[in-house]
Amino acid sequence: MESSTAASHSVVSELEGTLLKNPKSFAYFMLVAFEASGLIRFAILLFLWPIIALLDVLGYRNGSLKLMIFVATAGLRESEIESVARAVLPKFYMDDVSMDAWRAFGSCEKRVVVTRIPRVMVERFAKDHLRADEVIGTELIVNRFGYATGLIHETDVDRSVFNSVADLFVDQRPQLGLGRPAIFGSPTFLSLCEEQIHAPVPSNYNSHNQRLHVQPLPVIFHDGRLVKLPTPATALLILLWIPFGIVLAVIRLFIGFMLPLWAIPYVSRIFNIRFIVKGKPPTQAAAGNLGVLFVCTHRTVMDPVILSYVLGRSIPAVTYSVSRLSEILSPIPTFRLTRVRHVDADIIKKELSNGDLVVYPEGTTCREPFLLRFSALFAELTDKIVPVAMNYRVGFFHATTARGWKGFDPIFFFMNPRPIYEVTFLNQLEVDATCSSGKSPYDVANYVQRILAATLGFECTNFTRKDKYRVLAGNDGTVSSLSFLDQFKKVITTFKPFLQ
């Protein structure tokens, strides 16, 4: 296929196997089953995978698709499916995007994505990250109570997609079509397009086009507990590991409570936990002297605990919003901030007068290689600032959540086979880099953010905790004081993968 000499005005592209490299959608239904329902539905869908694969081989693509949709969505609230599609799926979609296909797709002015997956599972990602104007997919049937029936309106999915594309381009045919060749004589939307490119898209297609500098919008915020895309093999491995992971997490937590902090880094090796420490931490402040303020990047709720482990002593931490359970179980003192500036300033000053203190100016965790905007409050209160770059790596389960209950974050962290924490101590800021030299608190905060980002190889952003929670959970991220009954209900709701 020769490269086009001009940017196409409109493009219609298939998602599976074209914009996404993987033509199979099974793993995305597994994500919906796990995150929106629980472990039982996740296991049932996995056990049905041989039947689904057989139907595909025999040419019953509509049958296999409808079976996946039914098992993954039947009985779920439509709002819960939308929540997973907004907070969980985009990360996994983005990891699988074919940049060759994107270059052809992104060079067009009007972009349409077609998919066999239910539209509700794709639309948010396609419009927010792939910059699509329209998304054509299957439509879930939802009853009057807002629950998905597991059925779809379409009888013949390929014919329905074909008709929808034809209806969208009534007056003029789309200039470019990207997709897989038709299978078993099914109608394909490609026949409606003036130019057709079969996947995989050639890497040199439209390589001269200047508009290709525009990239898909990155996924900065995402939620969900699973780290890896649950392909059949990975999902089976996760299912087999979970019982061992729960026992291992309980043992690790028990050991953490029983042993002194200085002993944890040595004993942790026995339980396959690794701490990587770089740089030279400052010595403990003498009694009666103002303590050092450790200004850290925030990756998980375990950050202040890990910092105390590697320092071998208890370092109190101020928090913006963690669960009451996390505060109770924490082996170090924690102090809840109020978001009232002068009140929070008094809390930090008081604790600094007693010794060293840990603060997280991002105010929330971020999983991706980005740092959120730093609050400048810490820079106003002291010039004894030690930046600390913290990062972690896990294999199966994320140790953070926006939609679920944060009290289980440590459990999920310790359920991983080999969690790794990296702690890098930077030099204490020189006096001329602090507010004592006349710099504004915002300049100091931005400087600390930049040097921490450079240390980790991350990118600085202006996003805040409110931006994160609005994207992922539809709230501002405040943890309110709930009644015991409300707390229990939230545990049951958000820990579904192990209770249903």
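These are my notebook entries on a predicted model, written up for anyone meeting this structure for the first time.

**Entry 1: helix 5**

I began with helix 5, which runs over residues 61–73. At 1.5 Å a residue, its 13 residues should span 18 Å, and I found the end C-alpha atoms 18 Å apart, so the two agree. Next I looked up which of its residues are buried, and the list is Arg61, Ser64, Leu65, Met68, Ile69, Val71, Ala72 and Thr73. Just after helix 5 I came to glycine 75, which has a positive phi of about 85°.

**Entry 2: glutamate 154**

Where does glutamate 154 lie? I found it in the loop between strand 5 (148–152) and helix 10 (157–168). Is glutamate 154 buried or exposed? Its relative accessible area is 11%, and buried means under 20%, so glutamate 154 counts as buried.

I then looked at what surrounds it. Leaving aside residues up to four places away in sequence, glutamate 154 touches Lys66, Gly137, Thr138, Glu139 and Ser160. With glutamate 139 there is a polar contact: the side chain of glutamate 154 reaches the backbone nitrogen of glutamate 139 at 3.2 Å. I also checked asparagine 62, which is 92 residues from glutamate 154 in sequence, yet their C-alpha atoms are 9.5 Å apart in space.

**Entry 3: helix 11**

Helix 11 covers residues 232–258, which is 27 residues. From first C-alpha to last it reaches 39 Å, close to the 39 Å expected at 1.5 Å a residue. Where is the kink in helix 11? I located it at isoleucine 242, shortly before proline 243, with a bend of about 40°. Isoleucine 242 is also one of the buried residues of this helix, which include Thr234, Ala235, Ile238 and Leu239 as well as Gly245, Leu248, Ala249, Arg252 and Gly256.

**Entry 4: the annotated stretches**

I turned to the UniProt record, an unreviewed entry, which gives the annotation "transmembrane region" to residues 26–58 and 235–264. In the model, residues 26–58 are 91% helix and 0% strand, with end C-alpha atoms 17 Å apart. Residues 235–264 are 83% helix and 0% strand, and there the end C-alpha atoms are 32 Å apart.

**Entry 5: aromatic rings**

How many aromatic pairs does a search of the whole structure find? The count is 14. I picked out tryptophan 102 and phenylalanine 105, whose ring centres are 6.0 Å apart with planes at 50°, so the pair is tilted. Both sit in helix 8 (residues 99–106), three residues apart, which means about one helical turn separates them. Tryptophan 102 counts as buried at 2% relative accessibility, and phenylalanine 105 is buried with a relative accessible area of 0%.

My next pair was tyrosine 392 and phenylalanine 413, with ring centres 6.4 Å apart and planes at 50°, so this pair is tilted as well. Tyrosine 392 belongs to strand 14 (residues 385–393) and phenylalanine 413 to helix 17 (residues 409–414), so the pair ties together parts that are 21 residues apart in sequence. I checked burial here too: tyrosine 392 is buried with a relative accessible area of 10%, and phenylalanine 413 is buried with 1%.

Last, I noted a cluster in which ring pairs link Trp241, Phe396, Phe397 and Phe412.

Key
Residues are numbered from 1 along each chain as its sequence is written. This is a predicted model: local features need pLDDT of at least 70, side-chain atom pairs count only at pLDDT 80 or more; totals for chains, interfaces and linings use all residues. Side-chain values use heavy atoms; hydrogens and water are left out. Helices (H or I, at least four residues) and strands (E, at least two) are DSSP runs, numbered from the N terminus. The expected span of a helix is 1.5 Å times one less than its number of residues. Buried means under 20% relative accessible area, exposed over 50%, partly exposed in between (1.4 Å probe, protein chains only). Contact means heavy atoms within 4.5 Å. A polar contact is a pair of N or O atoms within 3.5 Å; within protein, one must be able to donate a hydrogen and the other to accept it, and residues adjacent in sequence count only if both atoms are side-chain atoms. The bend at a residue is the angle between axes fitted to the seven residues ending there and the seven starting there. UniProt positions are given in the numbering used here, feature names are shortened, and annotations may be inferred rather than shown by experiment. Rings of Phe, Tyr and Trp (its six-membered ring) pair if their centres lie within 6.5 Å; planes under 30 degrees apart count as stacked, over 60 as edge-to-face and the rest as tilted.
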